[in-house]
Amino acid sequence: LLGTALVAGCGGDDGGDEDPQQVLDETFSNDQTVNSAVLDISLAASAEGDEGGSIDASLNGPFQGDEKQEGEFPQFDLTVDASGEGQGQEFDLAGGLIAASDDAFVSYQDNTYEVPSAFFDQIKQASAQAQRQARQGGDEDAGALFEQLGIDPSGWLTNLENEGDEDVEGTDTTHIHGDADVPAIVEDLQSAAEQAGGEAIDPDEAAEVEESVDEASIDVYSGNDDRILRRLDLNLALTPAEDSDSAVDNIDIEFSLTLSDVNEPQTIEAPSDAQPFSRLEQALGLPPGVLEGALSGGGGLGSLGPSSGSGSQKIEPAPGTSSKKYLDCISKAQTPEELQDCEP
């Protein structure tokens, strides 16, 4: 969906009388790029039943790329907030990610920590390699990438209506409303999964999802002057069949993505109060050097960082934690909670 947001267009009229399918085609199949903007993503979901619960999450902040420097890693300052409850438990998470010109930082529960330079260098190298491969394959714009994956977002809506002009964060847009074509979306996701080498979607599970949909609508807001996507809203309501094995019922999902200040300069500054990364390990209750070693190439944490082959580092046990079982545990951990459960 973030990739969808970074698709631009060929220019358009003022909306209202314009063919809604034409607006969608122009929005999702042109070659302009979004080099900078302020991103705002929100997700609210709830479900009833024995395993029901709710979650509210948001991701927002500016990002800035360099259109003159191909392969340059973008700068950004993104804030993450998430809270939810379910099965008698609650959680509340506040954090963020900052990538300045030369350094990266992560914030967690009101404190900011500097990311190890080795890990940040790996991320930048992986990004540059991905961009080179995209250019070699002719995928310089998101529209070409969708085509390669067999995805056509312009075909994800039926019963289209042009709702006319609407203002989105100071930009005049054409508002297109439609019902989500669930079979078309599932088919596209199946194609994308196959192209990415993932597991195929089970046909029976796909059919069960399609049958459980009570309401599915999508709203697209496309810039009048440039056909750059400025906002996308998705509303979904599902009721699993009575004979299904689902332990949840009455599922409601609301998703929204907004881009504002598109292609306007954004200022990303490194925080002045960043603490050493070891302080984050202390805050998570981890032995010194464990998390930094994992991020810098030793594996673990779901292999967050790409392996650098012979240059990857091996996680050495902290003093007093030489147990192989312990190292195996942290190498397989996927979350901070799982890391804390590992016993030295």
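Tutor: Begin with burial. A residue counts as buried when its relative accessible area is under 20%, and as exposed when that area is over 50%. Keep in mind that this model is predicted.

Student: Is aspartate 188 buried or exposed?

Tutor: Aspartate 188 has a relative accessible area of 11%, so aspartate 188 is buried. Find this residue in helix α5, which covers residues 182-195.

Student: What percentage of the protein chain counts as buried?

Tutor: The chain has 344 residues, and 38% of them count as buried. The protein chain exposes about 18,900 Å². Carbon and sulfur atoms supply 44% of that area.

Student: Next, the fold. How many helices and strands does the protein chain have?

Tutor: Ten helices and eleven strands.

Student: Now charges. What can side chains of opposite charge do?

Tutor: They can pair when their charged atoms come close. The cut-off used here is a Lys or Arg side-chain nitrogen within 4 Å of an Asp or Glu carboxyl oxygen. By this rule there are five salt bridges.

Student: Which residue forms a salt bridge with arginine 227?

Tutor: Glutamate 18 does, with the closest N and O atoms 2.8 Å apart. Arginine 227 sits in the loop between β9 (213-223) and β10 (229-238), and glutamate 18 in the loop between α1 (2-5) and α2 (20-28), so the pair ties together parts that are 209 residues apart in sequence. Arginine 227 and glutamate 18 are both buried.

Student: Which residues are linked with Arg227 in a network of salt bridges?

Tutor: Glu18 and Glu26 are linked with Arg227 in that network.

Student: What does aspartate 226 pair with?

Tutor: Aspartate 226 forms a salt bridge with arginine 230. Their closest N and O atoms are 3.0 Å apart. Both aspartate 226 and arginine 230 are buried.

Student: And where does arginine 231 find its salt bridge?

Tutor: Its side chain meets that of aspartate 233, at 3.0 Å from N to O. Arginine 231 has a relative accessible area of 30%, so arginine 231 is partly exposed. Aspartate 233 has 10%, so aspartate 233 is buried.

Key:
Residues are numbered from 1 along each chain as its sequence is written. This is a predicted model: local features need pLDDT of at least 70, side-chain atom pairs count only at pLDDT 80 or more; totals for chains, interfaces and linings use all residues. Side-chain values use heavy atoms; hydrogens and water are left out. Helices (H or I, at least four residues) and strands (E, at least two) are DSSP runs, numbered from the N terminus. Buried means under 20% relative accessible area, exposed over 50%, partly exposed in between (1.4 Å probe, protein chains only). Accessible areas come from the Shrake-Rupley method with a 1.4 Å probe; for residues, only the protein chains shown count as cover.
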